Each structure stands twice: as C-alpha cells, then as structure tokens.
Amino acid sequence: MAKIIVVTSGKGGVGKTTSTAALGAGLAMRGKKTVVIDFDVGLRNLDMIMGCERRVVFDFINVIQGEAKLHQALIKDRRLENLSILPTSQTRDKDALTREGVEKVLNELRNDFDYIICDSPAGIERGAHLAMYFADEAVVVTNPEVSSVRDSDRVLGLLSSKTRRAEKGEEPVKPHLLLTRYDPARVAKGDMMKVEDVLEILSIPLLGIIPESPTVLKASNIGTPVVFDKTSNAGAAYADAVSRLMGEQIEMRVLGPERRGFLQRLLWRTA
Amino acid sequence: MTLLSFFRRTPRVSSAQTAKERLQILLAHERQDRSGPDYLPLLQKEILEVIRKYIQVPGEKVEVKLQRGAEMSTLEIDIELPGAQALNSKRNIPSPAFAR
C-alpha cells in the first residue's frame with residue numbers, strides 16, 4: 001500500500017516541481033517503487049523536469065475521463081526502473097480534475113507503488129486542493145523569504161482542515177518542511193532568515209535544507225532530477241531529505257553553494 | 001556626537017530579524033482569523049445599520065481600519081456624518097438652483 005505524499009507550498013516558484021522530481025527519483029534510487037503525478041492542469045511541467053516531455057501520449061485527465069487506461073498514461077523512467085511519471089494535461093482546464101477521478105486513479109496506483117508523490121500547482125485552488133486532499137504526508141517547500149513562509153503557513157492550515165484525513169477525523173496529514181534556495185552566506189550577513197527562524201515560525205519537522213545552487217538550473221536544463229548529481233550540494237541535500245522521508249535519522253547538514261578551488265577555477269576559465 | 005558614541009554604535013537590526021518579527025506578528029493574527037469567519041464586512045454593515053436608525057449616512061463615508069500589533073490591535077471605525085451645511089441645504093426648499 002503506497003504512501004501518498006503531496007509536495008506543496010502555496011507560493012509559486014519556490015521549487016515544488018524540482019523537489020518532486022528530486023524526491024521521486026531519490027526514492028526510486030533507494031529501491032522504492034515511486035510514481036510522480038503532475039496536478040498542475042493546463043501548465044504541464046513535471047515532464048520537462050523529469051526529461052520525458054517527448055514521450056507523453058496520454059495524461060492524467062485522459063485517465064480520469066476514461067479516454068485512456070492508467071498503464072497507457074504512465075511513463076516509465078529510462079534511468080530508473082522503479083520510477084514512473086503521470087503527466088498532466090496541457091490543454092484542458094483545471095475543472096477537468098474531479099475528486100472522484102483523482103481518488104480512482106490514486107486507489108489504482110496504491111497497489112502497485114510504494115510512494116505516490118503529488119506535485120501540487122501553486123495557489124490554493126482546485127488543483128492544489130485535490131493534490132493535498134488524499135495525502136498521508138506533505139512536503140511543504142519554503143524559501144527563507146516572508147511571502148513564501150506566510151503562504152506555507154496558510155497551506156499548513158489547509159492541510160489540517162481541508163484534507164480527507166481532517167474531514168474523517170483520522171490522524172492528521174504529517175507535514176515536513178523542505179527549506180529551499182538557502183544561502184548560508186546571506187544568512188551569516190543577516191540578509192536572510194535562518195533555518196531556526198523559519199522552523200520557529202512554522203513549527204513543523206525539518207525534512208531538509210537545499211542550498212541555493214546553480215546545479216538546480218543545470219539539472220532542469222537537461223531534464224535530469226538534481227539528485228542524480230551526487231557531487232553537487234543540492235543533490236546531496238535532496239538525497240539526505242529522501243533518507244529522512246524514508247524514516248532514517250540522519251544529521252542535518254547546512255551545505256553552502258559549491259565553491260570551486262583555485263585550480264578548478266583556473267581550469268574552468270580556460271575550458 | 002562624542003568620539004565614544006561613535007565606537008559604541010548600537011548594532012543595526014538585520015533585515016532577516018525584521019522579517020522574522022513581521023511574520024510572527026502577522027501569522028499569530030492570521031491563524032486566529034482562520035478559525036472564524038471574516039467578520040469585518042459584517043461588523044461594518046451592522047454598525048451602519050444601527051447608526052442609520054438615527055442619522056442618514058451613505059455607505060462610502062465609512063472607513064474601517066485595522067492595525068495589528070504584537071501587544072494589542074486597534075480597530076478604528078471612522079464614520080463621516082453630514083455637517084450642518086449639508087443638512088441645511090437639504091432643508092432649503094426650493095433648492096438653491098431655483099432660488100434666483
């Protein structure tokens with residue numbers, strides 16, 4: 001029986017899709033059968049970040065509306081056999097997503113996978129609501145910046161009231177904080193909130209600290225989830241977060257952006 | 001400014017510290033508001049109804065201001081009542097336009 005995890009934030013552009021791709025790929029690397037689902041109907045993007053945009057035939061909405069079978073819409077990752085992607089529709093409007101449809105698809109996926117990662121759209125509208133509705137756990141992606149923290153707080157309120165677990169009076173959705181675009185140098189200067197500050201405000205367990213890193217953009221450029229780059233700090237930080245998501249206790253590291261050594265810089269310039 | 005005070009400058013509050021404090025104050029209020037309905041429009045409507053029992057006030061002459069603080073919040077309701085001139089001009093029959 002799969003665990004359903006929603007990756008959400010309220011605010012856009014904080015790294016939900018990057019994090020969905022990285023956590024999904026990371027779990028698959030650790031041997032877990034994982035499927036990542038794009039809930040951002042009309043603005044399909046997870047397929048690009050995962051590097052399978054040219055293999056999309058059918059999508060999530062086609063399955064919900066009975067126009068395709070689930071196995072036809074699922075795309076198997078070429079790098080990791082445990083990883084599948086369920087892309088969203090680019091043409092339909094967000095009303096095409098229904099609670100009954102989502103539930104049916106999730107129930108079908110539950111038997112075949114260990115983890116179902118739902119990539120929520122920004123905002124708190126239908127897509128975001130349905131992405132979190134059936135979740136068992138939530139990864140709240142937050143930047144150390146006022147509007148992002150505020151929106152995360154709002155989303156935490158919704159997770160504890162507008163989800164199936166909340167409505168049925170079951171054990172609440174378990175939240176995790178994933179702090180992204182963290183820059184220790186700016187924190188040291190007092191220009192960016194510290195991890196401790198954000199934790200004190202949101203008071204939920206910390207899943208990981210992802211440093212601001214040029215590797216993230218490079219990874220999305222080539223359509224490879226950033227965890228594949230084990231040498232990068234962002235990749236290593238996501239790998240740590242994956243371990244914690246699997247329940248392992250590992251020490252929290254605050255990694256900085258990659259710094260090139262003198263020789264590396266010299267070589268890089270001439271390259 | 002003495003030479004000593006130059007060396008003893010009080011440390012500047014960092015912008016990150018300001019961010020944290022602003023969030024703490026705001027979120028304390030927003031979390032509270034979330035549990036109940038948005039009462040401000042209703043409050044404004046009901047106060048206006050009470051006042052209209054006695055005086056005619058147009059809806060747009062009401063201003064509701066809320067200042068949220070850490071220690072306390074203030075709700076300021078500013079209602080502009082018609083002045084003596086406005087009241088008099090209404091009573092002048094015929095109106096000034098016809099009084100030539």
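This is a predicted model: local features need pLDDT of at least 70, side-chain atom pairs count only at pLDDT 80 or more; totals for chains, interfaces and linings use all residues.
Local features need pLDDT of at least 70 and side-chain atom pairs count only at pLDDT 80 or more, while totals for chains, interfaces and linings use all residues. Side-chain values use heavy atoms, without hydrogens and water.

A nonpolar core is a set of buried Ala, Val, Leu, Ile, Met, Phe, Trp, Tyr and Cys residues joined through side-chain atoms within 4.5 Å. Buried means under 20% relative accessible area (1.4 Å probe, protein chains only). The largest core holds 54 residues. Ile37(A), Phe39(A), Phe60(A), Leu97(A), Val102(A), Ile116(A) and Leu159(A) have the most contacts inside it. Helix H7 of chain A, residues 146–159, gives the largest share, 5 residues. Helices are DSSP runs of H or I, at least four residues, and strands are runs of E, at least two, numbered from the N terminus. Beyond four places in sequence, the contacts (heavy atoms within 4.5 Å) of Leu97(A) include Phe39(A), Phe60(A), Val102(A) and Arg126(A). Another core lies apart, with 37 residues, among them Val56(A), Ile85(A), Leu207(A) and Ala236(A).

His176(A) sits in strand S7 of chain A, residues 174–182. His176(A) is buried, at 8% relative accessible area. Beyond four places in sequence, its contacts include Glu137(A), Val139(A), Pro205(A) and Leu207(A).

With a disulfide taken as two cysteine sulfur atoms within 2.5 Å, the count over all chains is 0. The cysteine sulfur nearest to that of Cys52(A) belongs to Cys118(A), 16 Å away. Cys52(A) is buried at 4% relative accessibility. Cys118(A) is likewise in no disulfide, and is buried at 1%.

Conventions. Residues are numbered from 1 along each chain as its sequence is written. Chains are lettered from A and ligands numbered from 1 in the order in which they are written. Buried means under 20% relative accessible area, exposed over 50%, partly exposed in between (1.4 Å probe, protein chains only).
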